[in-house]
Amino acid sequence: MNTTLVINSKGGSGKTTITTTLASYFAAGGVPTAIMDYDLQGSSLNWLRIRDPLAPKIFGANAAPQKMGLRSLGRHVPEDTRQLIIDAPAGASGLLLQDMLSRAKCIVIPVQPSAIDIHATANFVRDLLLRGNIRQRNIRLAVVANRVRKASPVYQPLERFLASLGLTIITKLNDSEVFIKAAETGVGVFEMDASVAFAEREQFQPLIEWVDVDYRARTANTVIELPRVAMAGRTQSDLVRTLPPRPAPPPRAAAARPAPPPQAPAQPKSQLPAWLSRLSQRLVE
Ligand SMILES: Nc1ncnc2c1ncn2[C@@H]1O[C@H](COP(=O)(O)OP(=O)(O)O)[C@@H](O)[C@H]1O
Ligand SMILES: [Mg+2]
């Protein structure tokens with residue numbers, strides 16, 4: 001089972017959106033898929049509830065700690081689950097954070113393009129790397145820029161900070177009505193009409209391929225047909241072709257691993273903001 005933890009200490013960064021989009025992609029491709037929702041707000045579980053009963057099945061586990069302590073209603077998923085996506089609550093720490101980390105094979109961190117969010121995310125990445133045993137346990141980690149409004153230079157300090165740690169922003173997702181519509185109607189962008197969600201699918205695709213390390217091997221010569229799910233106010237057709245054939249894949253090892261730490265950073269460290277410089281310095285020492 002591949003377990004992906006979608007986490008950021010900040011609320012509203014896109015954890016639930018990425019969780020549900022990943023889960024619906026895998027489920028629609030026939031992969032046994034489950035979501036474990038650690039957030040008391042239960043947004044992922046709500047999304048599952050409004051999902052069309054005929055839509056590809058996704059198992060939902062309520063892993064949120066109950067009021068009296070760490071116990072939850074259920075942290076079990078069916079044995080045949082192949083893709084498990086964990087939707088983390090904002091501000092998770094202590095035992096709860098350790099519990100989620102102990103399950104993760106890869107970690108996805110969505111970040112919004114404000115200076116405050118970027119600052120908080122850099123701190124969060126630092127804490128994960130310093131305390132989460134990420135490197136020792138070979139957990140892969142990637143950052144997704146979410147709700148991007150324009151090609152904005154705002155991410156550059158974060159990109160340089162991540163590069164100094166051998167990490168990357170794996171993709172940038174636009175601030176788009178399509179993600180909001182998907183959240184409201186219990187679908188993912190890969191289950192929506194290609195003409196409606198083309199850009200969003202294209203933007204999401206690198207994350208799919210990063211999470212699913214076997215993606216390139218499996219899809220080198222095939223096009224997967226995904227059943228389309230009803231969206232409010234739309235008519236359905238039976239199938240929609242979602243994955244255009246891709247160019248010849250690069251060697252798998254290169255696709256699966258984050259870029260190695262550059263010998264010399266692309267930019268001198270002195271060009272980072274002072275707070276990022278300090279963080280980066282502490283981590284590489
Ligand atoms: N790329 C996006 N474009 C537009 N709206 C988005 C996008 N990502 C998230 N949202 C919206 O932002 C709000 C917060 O996102 P959500 O995924 O619930 O964040 P989190 O789970 O981190 O709190 C939701 O209303 C969601 O629909
Ligand atoms: Mg959420």
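Modeller: A salt bridge is a side-chain nitrogen of Lys or Arg within 4 Å of a carboxyl oxygen of Asp or Glu. This is a predicted model, in which local features need pLDDT of at least 70 and side-chain atom pairs count only at pLDDT 80 or more, while totals for chains, interfaces and linings use all residues. Residues are numbered from 1 along each chain as its sequence is written, chains are lettered from A and ligands numbered from 1 in the order in which they are written, and side-chain values use heavy atoms, with hydrogens and water left out.

Biologist: How many salt bridges does the structure hold, and which residue forms one with Arg131?
Modeller: The structure holds eight, and Arg131 pairs with Asp127, their closest N and O atoms being 3.9 Å apart. Both lie in helix H4 (residues 115–131), four residues apart, about one turn of the helix, where helices (H or I, at least four residues) and strands (E, at least two) are DSSP runs numbered from the N terminus. Asp127 also meets the side chain of Arg126 in a salt bridge (3.0 Å, N to O).

Biologist: Does Arg131 count as buried or exposed?
Modeller: Buried means under 20% relative accessible area, exposed over 50%, and partly exposed in between (1.4 Å probe, protein chains only). Arg131 is therefore exposed at 60%, Asp127 partly exposed at 25%, and Arg126 buried at 16%.

Biologist: Which residues are linked in a network of salt bridges?
Modeller: Arg75, Asp99 and Arg103 are linked in this way.
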